Amino acid sequence: MTLTLRTICMSFALAAALLVGACSSEEPASPQFTDAEKELVAEVNDEKNALDVFDAAARIHEYLRTTDFDALIKEVAESDEDEEAKAGKTARLTLRKEWLERRRAEHIEALTNELVSSNDASREFRKRIAGPFDTLMTNRNDALRGIFEGRIAESEVDLKAIKVEPKPAVPASKDSEAVPAETIAHAIARTMNEAIREFYALWEASTLLDEKAEQSVTQFVVFSTGKDLPYIQGFKPITDEREKADMLESLRWFALRFPDGYVAGWITELDDKEPDLKSEAHIGNPLRNLGVSDSHDSAERNLARGIVEDLFAVFGKEMQPTKDFRKNLVKGFSEESDLTFPNAWALVLAIFGSVVLFGGLAWSIFLAVQSGRKERLVARSE
Amino acid sequence: MPNESRDRWSNRAAFILAAVGSAVGLGNIWRFPHVAYSAGGGAFLIPYFIALLTAGIPLLMLEYGLGHRMQGAAPTAMGRAHKRFEFAGWWAAAGGLFITFYYAIIIAWVVFYCSELAQSLFTGKLPWEEGQAAHYLMHNAVTGNAETEATVGKMSPINWSAVGFNSLVWGFIYYAIRNGVQSVGKVVWVTVLVPYLLLFLLFFQAINLEGASAGLSYYLAPDWSKLDTLPEIAKATAAAYGQVFFSLSIGFGIMMAYASFLPKKSDISNNAIITSFANSGTEFFGGFITFSVLGFLALNSGQFVGDVVGTSSFGVAFISYPTAIENIPVAVELQAAIGLAFFGSLLLLGVDSAFSLVEAMVAGVHDKFSVARKRVAALLCVFGWIVGFLFCNPGGLHLLDAMDHYLSHGLMMIGLIQCILIGWVFGTFKLRKHINAVSERRITWFWEFCIKWLTPIVLIWLLIQNFYEDWRALWDDDATFYEGMPLWINLIGLLTLVFACTVGFILARAKMQKSDYFTVPTFDYEDKATEASATKEGGEA
C-alpha cells in the first residue's frame, strides 16, 4: 500500500520537532510519548495492507477514547504544581494528543485511498470489519426477535453468548426512587444500541473521508450517525421538533440495522400496547404523513425513502429486509392501512362509488330488460 | 321514415356492447386510476360524478340522439342538422382515424407482450429479467433493439416486430368492420365480454395480494385538500370533465354512427345511461385492480404506493404491472398466465375501441360517396398500416405521445361545436323531443341546459387552460413544452390536429354521390303530435 506524502512529511516534522525540543532549554516541546504511544504513532510499514492500517487507526482511536487527554489536562491545571511545570505538562499532553489524532487521520486517509482504488481491498476490508460485529449483533437480534415472537422465553436466552448483562434492580434511596431489574429484552436492545454507538464512535474520524470514500465503505455509511438513541430507554412523549427529529433519527438507526422492524415495533410496544394515533405526542404521529398520498416531500417520507435506499445499498437484491421494513412502517406508523383492510374512508368511498356506478348501471339495465319484455308482450298480443 | 335499407343492429344488446366496447379502452384501465389518484383519490369522485351527470351523459345522449334522428354517421348527421357543420363530423371521424394510426401501435405492443407471455407458459421464464420491465418495454417492445434508446426524432431502425404485430391489429380491425354493424355486432360479444371476465379474475387475484389494501387506500382515501380552495376545486373539476370526456369516446363521431344503425324505436336516453355507467363503472373497477397491484408492488420494492405510481399512466400498465407480476409468489407459469390475462384484457378492450374509430370514418364515407364499405374499410386499414411505420421506430413513442396530446384537444373542440350546433343552431328542444319520442326514459330541461350552457362553458375553459399550459413555454422561461419535448415535435402534434380539421373541410366540400344526402329523414312516431312536430323540425333543418 502507498502511504501519502503527507505521512512522510509528518514523520519528518515529528523528527524535527523532537530535535528542536532536544535543543531548546525553554520549552518541553517533546511529547514524551509512553511506550504504548510510541508504538501507536510508529509508521505503518508500506508493505502492510489496508486492514493493518485500519487496525492501527482503530488502536489509536481506542487509546484516545480510553485515555481522556482533556480530563488529564484539566487535572494538571487544577493541581498544586507551579505554573511552569503545569504549562510544560499541559503542552506535552496536548502534543501527545495532537500527534495521536494526526496519525489516526493519516491512517484513515491512507486507508480511504486504498479502498477507493482497490475493490478487492474494499471487499476484504468490509468483510473483516463487519464480520465479528455482524455476528454478535445478528445473534442479539435473533434473541430479541425470538422473545417478541414468543419462541424463546426470556430466561432461555444465553446472555453470556451474546454478551449481554441486564442491569440489576436498584433499591430506593434518599436521592432516587427504586428501579426495577432490567428485562432481558430491554437489556439486549440497550446493549445493541451501545454496540452500534461504539462501532460508530470508532468511525467518528471518518468524517475526513470524502464522498468517494464514503461510497466505497457503504456498509459503514449506514451506521454513520453518531447521535444518541434517546428512545431506546422507553417511550417518551415527543414535545418539540428537536425530539421529533431525534426520534426519527433513532428510528432510522434501528430500521437500518434491524430492517425487520422488530426493534422499531418494540419501541411502540414497550410503553403503549395500543398506539393512540389521536394523541399528538404519540411516537406514531410524526410518521402519519407516510400514509397520506400527497405528502410526497414530507420529512417523514424522505426519511423512509432514505432508509429504503440504504437498505437497497446494503442488501442489494435481497428484498426481504426492505420489504419487512416497509411492512412494519405501514403496519406500525401509518394510518393508511394495516395491510389487511384499506383505510375506513377509502372503504366508504369504494362503497359509495360502487353503489352509484354499478347501482345506476344495474337499474338502467333492469329498465331496459323490462321495456324489452313489454315490447315482446305487445308484439305477441298483436 | 328512416332509411329502411340501412343496416341495423341485430339487437339492442349488440348495440350496447359495441358502444361500451368503443368507450371502454386502454385508458379506462390505466388513465382513470391515475387521474383519480392525482386529483384527490376518493374526493375526486365528487367532481367526477358531477361531470358524468352534467357532461358525459348529456353529450352521449346528444350523439346518440343526433345520429339516430338524422340516420347517418357523424358527417351526415351534422350536415343534416346544418350543412355548414358537416365539416365537424368529418373532422371528428378523421381525428378518430388518426388516433387509430398510433393506437394500433400501442395495441401491437400489447400483442407483443401477449405473445411473449404465452411462450412463458411453456418455457417457465418470464420475458423480462427481474426488475427490468422498463428496459424490456423500451428495448423489446418500443424500439425492438437492445442497443437503441427511444429518442425524439430518431426514425431508424424500424422495429419489424412491431410492424408485424401492427399488421395483425389492422387485419383484425378490417375483419371486425368489413360488414359494418353486422360483423361488429358479432365480434363485440367476444371483444367486450371476455375482457370483463378476465378483469374479474384479475380483480380477485389482485385484492388478495399482500399490500393490496394499502394500494386501495391510496386510490380511494379522500384527500380533501384537493377540494378545499377555489383553485384546487377548479383543478379537480377540470381533471374530472377531461376524464369523462376522453373516456366516453365523445367527439370521434363513432357514437353517432353506431346510433344511426339503431331501429326506429330505440331507448336513446337509457342506452346513453347504460353506456356511461358501464364505462365509468369499468374504469372505477379497473382502479381496484391497478392500485391493488401497485400496493403489492410498493410493499415488495420497499417503496410507497405514491412512488411506484409515478407520473405516467402508460408506465403503470407496461412497467409497474409487469414488475408486480414477477414478484407474485407463485410459479412462473402462473405469473405468465396472470400477465396474459392482464394484457389479453387490454388487447380486447383496445381493439374494439380501435375498430369503432375506423368504423366512424367508413360509415361516413359510405354514407356520402356510396362506396362499397368493404372497399373503404380495406383502403383505410392498409393506409393505417402504412402510417404505422411512423411509430415503429425509436422516435415513434414520442411522436405518438405528442400527436395523442394534441388530437385529444380536437375532441374537445368537436364537442364544443356539437354543443353549439345542437344548442344554438338546430335547437336542443327539437332533439330532446325526438329522444323523448323514441325513448322509454324522458329527458328534461336540465339536459338542454347542460348542452346549451354548462358543457360549452366547461369545454371553453378546458381548451383555454390546455392552450395556456401547452404554449406557456413560448413566453415563460420556467415552463417547458408538453412532457419537456422540443418545440418542433409539439408543432407536429398541433399540425396533426390542423390536418384532421383540414381533412374535415375537404371532405365536406367534396361532391356527394347521393342526392338525398342532406335530406332529413322523417320519423313515423306513434304519437301523432310528436310526429307533426318532428316533421316540422325536418323541414326547418
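# Reading the helices and loops of a predicted model

Chain A exposes about 21200 Å², and carbon and sulfur atoms supply 54% of that area.

User: What should be noted before reading this structure, and how many helices and strands are there in chain A?

Analyst: The coordinates form a predicted model. One begins by listing the secondary-structure elements. Chain A has 14 helices and zero strands. Its pattern along the sequence is α-α-α-α-α-α-α-α-α-α-α-α-α-α.

User: What percentage of the residues of chain A count as buried?

Analyst: Burial is judged by relative accessible area, with under 20% counting as buried. In chain A, 43% of the 382 residues fall in that class.

User: How many residues of helix α10 of chain B are buried?

Analyst: A helix may be read residue by residue. Helix α10 of chain B, residues 212-220, is mostly covered, with nine of its nine residues buried. Among them are B:Leu216, B:Tyr218, B:Tyr219 and B:Leu220. B:Ser213 and B:Ser217 also belong to this buried set.

User: Where does the peptide bond from B:Ser156 lead, and is it cis or trans?

Analyst: The angle to consult is omega. The bond from B:Ser156 to B:Pro157 is cis, its omega being near 0 degrees. B:Pro157 sits in the loop between α6 (133-142) and α7 (160-177) of chain B.

User: Which loop of chain B holds B:Gln71, and is B:Gln71 buried or exposed?

Analyst: Here the backbone angle phi is of interest. B:Gln71 is not a glycine, yet its phi is positive, at about 50 degrees. B:Gln71 lies in the loop between α3 (45-70) and α4 (74-81) of chain B. Its relative accessibility is 4%, so B:Gln71 counts as buried.

User: What is the phi of B:Ser370?

Analyst: B:Ser370, also not a glycine, has a positive phi of about 55 degrees. B:Ser370 belongs to the loop between α16 (332-369) and α17 (373-387) of chain B. With a relative accessible area of 39%, B:Ser370 is partly exposed.

User: At what angle do the axes of α7(B) and α8(B) cross?

Analyst: Two helices are compared through their axes. Those of α7(B) and α8(B), the latter spanning residues 181-191, come within 7 Å and cross at roughly 125 degrees. The two helices are therefore oblique to each other. B:Phe172, B:Tyr175, B:Ala176 and B:Ile177 of α7(B) make the contact with B:Ser183, B:Val184, B:Val187 and B:Thr191 of α8(B). Of these residues, six are nonpolar, two are polar and none is charged.

Note on methods:
Residues are numbered from 1 along each chain as its sequence is written. Chains are lettered from A and ligands numbered from 1 in the order in which they are written. This is a predicted model: local features need pLDDT of at least 70, side-chain atom pairs count only at pLDDT 80 or more; totals for chains, interfaces and linings use all residues. Side-chain values use heavy atoms; hydrogens and water are left out. Helices (H or I, at least four residues) and strands (E, at least two) are DSSP runs, numbered from the N terminus. Buried means under 20% relative accessible area, exposed over 50%, partly exposed in between (1.4 Å probe, protein chains only). Accessible areas come from the Shrake-Rupley method with a 1.4 Å probe; for residues, only the protein chains shown count as cover. Axes are lines fitted to C-alpha atoms, for helices over the stretch in contact, and angles run from 0 to 180 degrees between N-to-C directions. Angles under 35 degrees count as roughly parallel, over 145 as roughly antiparallel, 65 to 115 as roughly perpendicular and the rest as oblique. Contact means heavy atoms within 4.5 Å. Ala, Val, Leu, Ile, Met, Phe, Trp, Tyr, Cys and Pro count as nonpolar, Asp, Glu, Lys and Arg as charged, and the others, Gly among them, as polar.
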